[in-house]
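Student: Could you walk me through this protein structure, a few questions at a time?

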Amino acid sequence: MAPTGKLLLADVAFSGVKQIPSNYIRPISDRPNLSDVHISDGSIPLIDLHGLNGPNHLTVIRQIGQACQGDGFFQLKNHGIPEEMLSNVLDIARQFFKLPESERLKTYSDDPTKTTRLSTSFNIKTEQVSSWRDFLRFHCLPLEDYVHEWPSNPPSFRKDVAEYCRSVRGLVLRLLEAISESLGLERDFIDKKLGSHGQHMAMNYYPPCPQPELTYGLPGHTDPNLITILLQDDVPGLQVLRNGKWIAVNPIPNTFIVNIGDQIQVLSNDRYKSVLHRAVVSSERDRISIPTFYCPSPDAVIGPPTELIDDENPAVYRDFTYGEYYEKFWNKGTCKRMLLGLVQDFLLIQPRMR
């Protein structure tokens with residue numbers, strides 16, 4: 001809980017504080033160093049998905065493979081989800097975080113096992129330093145199992161967000177086929193490895209911060225899931241580590257940011273990489289981001305496929321269940337997990353230098 005007694009950061013941030021509370025201040029060695037951040041000048045690939053089902057199919061597959069191997073991140077345009085739907089779900093998220101405190105707190109919980117919850121920071125039970133973020137996190141596959149848990153305010157939340165979830169799932173399944181194909185595997189290979197599949201979302205709210213140089217919205221981390229589809233508003237905040245330098249990925253309207261998670265790194269036998277990324281905050285504007293996390297089911301066994309293993313490319317990782325992986329993700333000390341990457345725990349051999 002924040003020193004003011006408020007459970008949610010937004011209510012601290014808008015209480016007129018001129019300095020951030022001490023529990024949000026990072027050690028000097030772990031601050032964003034905002035003056036040493038490079039602006040993305042097209043270095044993060046922008047892929048036009050329109051050609052995936054046409055004569056340019058192989059070109060798009062090759063572009064996706066190159067982006068997964070070289071960057072772990074790419075931007076996606078002409079993805080098939082209407083611009084109106086994207087702006088609507090961003091607006092719903094903003095409406096939710098502007099609700100009265102008493103209304104928002106109906107969904108509050110600090111229990112990471114709850115399938116729908118509003119909380120703050122990352123995992124306040126294990127963190128020593130908090131992050132400048134509130135988030136609403138909720139499961140959405142199968143939708144009928146979870147929609148009744150979601151907020152009923154704003155009134156259109158359940159209907160419109162459910163429609164968005166279905167649309168993003170369709171996009172993810174297309175991308176997983178493309179990623180499988182780019183690895184030289186059958187198009188349905190990754191789909192079949194995921195068991196019953198899992199999907200959850202977060203609506204992240206980053207309030208204006210009086211001292212953004214002292215804290216993070218989220219510190220550097222990789223995603224433990226399979227693949228993440230990020231929708232964001234027009235306020236910059238996402239930064240990606242590329243060749244040892246942090247790159248600011250400025251928003252492009254009507255596009256998604258796609259990043260490879262730890263499970264695809266394992267399933268590609270380390271050919272594709274789950275890359276460190278972080279969120280910084282602004283002193284002037286609040287920011288909304290909406291990631292969709294696509295996951296294996298907890299009992300799905302993840303490991304390098306035999307098709308990608310030979311004498312020159314031995315298996316880098318042992319087999320494990322996604323449930324085992326995700327439990328370690330939540331229980332491990334945040335700092336160590338963020339800095340070293342949890343995939344280290346599952347290595348059979350050290351991956352070769354790229």
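Tutor: Happy to! This is a predicted model, where local features need pLDDT of at least 70 and side-chain atom pairs count only at pLDDT 80 or more, while totals for chains, interfaces and linings use all residues. Residues are numbered from 1 along each chain as its sequence is written, and side-chain values use heavy atoms, with hydrogens and water left out.

Student: How many residues of strand β5 are buried?

Tutor: Strands are DSSP runs of E with at least two residues, helices are runs of H or I with at least four, and both are numbered from the N terminus. Buried means under 20% relative accessible area, exposed means over 50%, and partly exposed is in between, using a 1.4 Å probe and protein chains only. Strand β5 covers residues 134-139 and is mostly covered, so to speak, with a buried count of five of its six residues.

Student: Which residue of β6 is the bridge partner of D134?

Tutor: Two strands pair if DSSP finds at least two bridges between them. Strand β5 runs antiparallel to β6 (residues 198-206), and six bridges join them. On another pairing, β4 (residues 116-120) is also antiparallel to β5, over five bridges, and there T116 stands opposite F138. Back in β6, the partner of D134 is Y205.

Student: Which residue's side chain makes a polar contact of 3.1 Å with that of H200?

Tutor: H200 is found in strand β6, and at 7% relative accessibility it counts as buried. Its contacts (heavy atoms within 4.5 Å), leaving aside neighbours within four places in sequence, include F138, H139 and Y326. A polar contact is a pair of N or O atoms within 3.5 Å; within protein, one must be able to donate a hydrogen and the other to accept it, and residues adjacent in sequence count only if both atoms are side-chain atoms. The side chain joined to H200 by the 3.1 Å polar contact is that of R137.

Student: How far is the nearest cysteine sulfur from that of C165?

Tutor: A disulfide is a pair of cysteine sulfur atoms within 2.5 Å, and the structure holds zero of them. C68 is in no disulfide, its nearest cysteine sulfur being that of C295, 17 Å away. C165 is in no disulfide either, and the nearest cysteine sulfur, that of C140, is at 3.6 Å.

Student: Why does C165 count as buried?

Tutor: Look at its relative accessible area, which decides the matter. C165 is buried because that area is 1%.

Student: What is the angle between the ring planes of F97 and Y205?

Tutor: Rings of Phe, Tyr and Trp (its six-membered ring) pair if their centres lie within 6.5 Å; planes under 30 degrees apart count as stacked, over 60 as edge-to-face and the rest as tilted. A search of the whole structure finds nine aromatic pairs. The centres of F97 and Y205 are 5.2 Å apart and the pair is stacked, because the angle between the planes is 15°.

Student: How many residues apart in sequence are the parts that F97 and Y205 tie together?

Tutor: F97 and Y205 are both buried, and they belong to a cluster of linked ring pairs that also includes W150. F97 lies in helix α3 (residues 83-97) and Y205 in strand β6, so the separation in residues is 108.
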